[in-house]
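Reader: I have a model open and want to learn how to read it. Can we take it feature by feature?

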Amino acid sequence: MSKPNGPLVSFVFLLVFSSIFSPKLVFGSVPVHERIIKRPDPLRHLKHYNDVFNVTNKHYWASTAFTGIHGYAMAGVWTLCGVYLGIFMIFKNSITSNESSSSWLTVHSDRYFLLLFILFLLLTLFAIIAASFVIAANQISQHRTKKLKNTLVKAGHEVTQSIRRLITAMTRMQYLLLPYDQKTSSRLNVTTHRLGRESRMIRNFVRNHEHSLDVAIQVPYIAHLGIASVNLLLLVAALVLFLLHWHPGLIFIIVFCWILTALCWVLTGFDFFLHIFAEDTCSTFEDFVQEPYNNSLSSLLPCMSSRKSEKILTEIGSTIHDFIGKLNSKITEVCTTMGLSEENFEMLGFKMICDPFSGAPDFNYEPGDCAKDAIPIGKIPDIISKFTCYKQNSTEACLENGKFLTEDASNKALAYSYTVESMLDVYPDLQSLTECTMVKNTFSEISLNQCKPFRSSLLWQWASMLSLSISMVFLVFTLILKAYQQRGRNFSICSVFPNRSNSVNVENQNVQ
């Protein structure tokens with residue numbers, strides 16, 4: 001027992017910490033069983049993007065953003081129509097400024113006043129309801145998007161914390177083994193620095209992308225909230241001006257509503273793009289949970305293949321299992337050499353050491369399966385100290401008190417026992433990182449509990465914005481009809497019909 005098997009312990013650290021984080025193992029394989037996306041790609045002259053979900057591919061983003069073309073196209077057409085209509089009206093008014101206009105709308109519109117007023121009220125009510133739904137959907141989608149973002153960021157922080165615990169444990173192992181195994185200590189030092197770089201990379205990645213995600217969430221939220229709020233204000237102003245019959249103010253409202261309607265169509269296309277992106281993202285998360293090593297996300301995440309991770313964990317378990325087995329054999333050997341029975345040896349403080357790993361072939365980590373009377377590896381230093389002959393004591397006194405271990409041998413045994421204890425303390429973190437458990441659990445939680453409400457909130461936001469855009473189109477046309485209808489007429493405030501005498505004079509002038 002005076003010479004624990006150091007090379008076995010050293011093998012554990014060299015096997016794990018120098019290979020698990022090596023560049024050859026941190027990237028997954030190319031996906032072969034993932035859903036193929038087929039969409040027109042504007043960057044390829046509308047040739048189809050025929051590939052998997054890939055946020056690093058500009059063609060994926062272009063093809064996905066192109067799904068909102070219905071909104072972008074309507075915004076463009078609506079803007080052009082507004083420009084042409086404005087030019088036409090300016091040109092027409094400059095020609096007919098000194099002539100009295102005559103049309104079926106101004107001559108025969110009295111019977112349509114009530115119908116137009118009812119139509120305006122209905123469209124205004126529908127637009128107000130749609131704008132309210134946009135604000136509500138915007139709040140819900142922002143909340144659910146932030147929740148999803150926080151889940152991903154939390155996973156990144158947990159991975160970073162696990163790596164930091166590994167670094168702390170490895171630093172301790174490094175200094176413990178330095179006097180007895182400088183080669184292993186040196187390699188642990190190299191791996192510690194590599195782990196530090198990995199930790200800083202993940203921490204910087206999370207910090208930088210967390211800010212980018214916050215901006216990406218906040219900008220659409222402000223845009224939707226601003227446009228919907230301004231829309232509500234314009235609708236109230238249009239209703240007031242409609243009842244006040246102030247013609248210049250009504251023209252002013254028409255121009256602003258026309259611009260706002262174009263922006264609504266832009267957001268309609270953008271919302272549909274977000275909805276499609278959410279569908280792609282959640283589908284990829286679901287695929288990753290089912291097949292984490294054969295997925296497009298594998299190239300972005302530090303996950304080994306299942307075969308490699310199982311092999312490494314099995315070798316670790318086998319090494320520690322053999323090490324503790326040799327220690328228990330030494331205990332039995334010493335017990336036999338001293339001529340003590342097992343009961344007497346236990347009275348002196350010695351018991352079998354707990355082996356937290358099952359036997360071959362899996363060597364699973366099962367700390368709860370140790371015998372009740374077995375001592376954990378962390379208690380070995382207390383037992384060794386009882387049988388250590390320190391230098392200040394004479395050899396004769398030590399032998400009389402049963403202290404047969406030299407201080408140097410005791411220190412070496414303590415170093416290796418502390419090293420194994422540190423290894424067992426961080427083994428759950430090591431197992432989690434090796435098997436990519438944190439990432440799998442995070443994506444599983446998102447796909448099971450967050451994806452459905454996340455997708456439905458974005459779909460609801462798109463439907464609300466589409467309803468608002470359509471209602472604003474018809475409302476603007478109604479306001480244009482109203483502007484023509486009240487042209488050249490006098491109305492009383494809050495009156496639906498014009499003053500009758502003025503209407504007769506206008507009709508007589510037009511007839512003449």
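**Reading the model**

Author: Start with helix α13, residues 437-485: its 49 residues reach 69 Å from first C-alpha to last, close to the 72 Å expected at 1.5 Å a residue. Helices (H or I, at least four residues) are DSSP runs numbered from the N terminus. The expected span is 1.5 Å times one less than the number of residues. This is a predicted model: local features need pLDDT of at least 70, side-chain atom pairs count only at pLDDT 80 or more, and totals for chains, interfaces and linings use all residues. Residues are numbered from 1 along each chain as its sequence is written, and side-chain values use heavy atoms, leaving out hydrogens and water.

Reader: Where does α13 bend, and by about how much?

Author: A bend is the angle between axes fitted to the seven residues ending at a residue and the seven starting there. In α13 that angle is about 55° at Gln 450. Pro 453 follows within four residues.

Reader: How do I read a nonpolar core?

Author: Look for buried Ala, Val, Leu, Ile, Met, Phe, Trp, Tyr and Cys residues joined through side-chain atoms within 4.5 Å. Buried means under 20% relative accessible area, with a 1.4 Å probe and protein chains only. Here the largest core has 39 residues. Ile 163, Ile 353, Ile 377 and Tyr 427 are among those with the most contacts inside it.

Reader: Which helix gives the most to this core?

Author: α12 (407-434), with ten residues. At least three residues come from each of domain 1 (59-90 + 111-302 + 439-486) and domain 2 (306-435). Those bounds come from an automatic or database domain assignment. Another core, of 35 residues, lies apart and includes Trp 258 and Met 465.

Reader: Is Cys 354 buried or exposed?

Author: Cys 354 has 14% relative accessibility, so it counts as buried. It is found in the loop between α9 (342-347) and α10 (380-386). Contact means heavy atoms within 4.5 Å. Leaving aside neighbours within four places in sequence, Cys 354 contacts Ile 324, Cys 370, Ala 374, Ile 375 and Pro 376.

Reader: And aromatic pairs?

Author: A ring pair is described by the distance of the centres and the angle of the planes. Rings of Phe, Tyr and Trp (its six-membered ring) pair if their centres lie within 6.5 Å; planes under 30 degrees apart are stacked, over 60 edge-to-face, the rest tilted. The whole structure has 15 such pairs. Phe 272 and Trp 462 have centres 5.1 Å apart and planes at 55°, so that pair is tilted. Phe 272 is in α7 (residues 247-290) and Trp 462 in α13, 190 residues apart.

How values were computed. Helix = DSSP H or I, 4+ residues; strand = E, 2+ residues; numbered from the N terminus. Buried < 20%, exposed > 50% of the residue type's maximum accessible area, 1.4 Å probe, protein only.
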